[in-house]
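My notes follow the order in which I looked things up.

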Amino acid sequence: MKKILLIILIGLVAQFGFAQTTATDFTVNDCAGNSHHLFSELDAGTVVVMTWVMPCSACIAVASTAATTAQGFTSSYPGRVKFYLVDDYANTPCNTLTSWASTNAISPNASFSDAAISMADYGGTGNSMQKTVVLGGASHTVFYNVNGAVTTGPLQTAITDALTSAGVTNYENVIQELTLFPSPALSNIKIIYSILKATNISIDLMNVLGEKVNKVPVGTQSPGKHEYQINIESLSKGVYFIKLSAGDQSQTVKFTVVR
């Protein structure tokens with residue numbers, strides 16, 4: 001029975017690496033010559049998703065999934081989630097590593113070929129050729145440590161947990177696709193926009209001096225696409241701005257009135 005349990009444990013270690021809970025620090029230059037100090041980045045609230053590759057054809061899917069998942073947080077958490085591509089044993093030249101990534105449409109925030117960034121610190125790759133970790137928080141916690149194939153769902157969860165641990169605010173843009181029609185306008189102008197969540201909406205019309213010439217308290221609207229038409233017959237010829245406010249966020253668009 002003990003032998004069976006030992007075999008199972010070895011298999012789990014080979015697949016998922018050792019249960020290290022704290023990241024290992026490094027200070028190295030990336031392939032572009034930029035210096036990175038891991039703990040300083042984590043202390044500043046950055047979440048680091050890091051994948052080691054050979055590189056090889058079998059590594060493409062893993063690195064692509066990790067990069068795409070990390071980059072999926074760009075609009076909600078701008079600048080807060082970084083994807084680092086690392087050569088597994090630091091024996092691949094930087095130009096080869098970056099060329100491989102470019103050829104396979106993988107866009108890391110930084111690439112590294114430096115032995116100071118060691119996957120052995122996280123248990124090695126076992127029987128796989130890749131390892132992916134998610135690191136974050138002031139405690140430099142390891143939120144994810146997987147060898148081989150990765151799946152988007154658990155990776156997203158790990159990144160979200162790391163962001164929460166770091167106390168990072170979600171900067172999701174509530175207002176989407178704000179447009180006006182027509183411009184120039186004569187008597188009416190239509191505002192077309194989308195919002196991502198139920199939000200209190202208000203619309204201000206301002207002149208070029210920033211003075212408010214009209215205010216439209218729309219009220220709370222549900223998520224989705226909306227249109228709102230405003231009569232502008234009382235406005236003189238000239239340039240104006242419409243400011244759409246959704247909660248504590250706002251966007252401004254210029255339009256012209258003709259007579």
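Which residue in β13 is the bridge partner of Ile203? I looked it up and found Leu244. I keep in mind that this is a predicted model.

**Entry 1: the strand pair**

I then took the two strands as a whole. Strand β10 covers residues 199-207 and strand β13 covers residues 238-246. I noted seven bridges between them, and the two run antiparallel.

I placed the pair in its sheet. As a reminder to myself, strands of a sheet pair through backbone hydrogen bonds.

**Entry 2: helix α3**

Next I turned to α3, residues 60-71. This helix has 12 residues and reaches 16 Å from its first C-alpha to its last, close to the 16 Å expected. I listed its buried residues: Val62, Ala63, Ala66, Ala67, Thr69 and Ala70. Seen down the axis of α3, they fall within an arc of 165°, so they line one face of the helix. On the face turned away from that buried side I found the exposed residues Ala61 and Thr68.

**Entry 3: what α3 packs against**

Which elements do the buried residues of α3 pack against? I noted three strands by name, β3 (47-53), β4 (81-87) and β6 (131-136). The helices on my list are α4 (94-103) and α5 (152-165).

Note on methods
Residues are numbered from 1 along each chain as its sequence is written. This is a predicted model: local features need pLDDT of at least 70, side-chain atom pairs count only at pLDDT 80 or more; totals for chains, interfaces and linings use all residues. Side-chain values use heavy atoms; hydrogens and water are left out. Helices (H or I, at least four residues) and strands (E, at least two) are DSSP runs, numbered from the N terminus. The expected span of a helix is 1.5 Å times one less than its number of residues. Buried means under 20% relative accessible area, exposed over 50%, partly exposed in between (1.4 Å probe, protein chains only). The arc is that of the directions from the helix axis to the C-beta atoms. Contact means heavy atoms within 4.5 Å. Two strands pair if DSSP finds at least two bridges between them.
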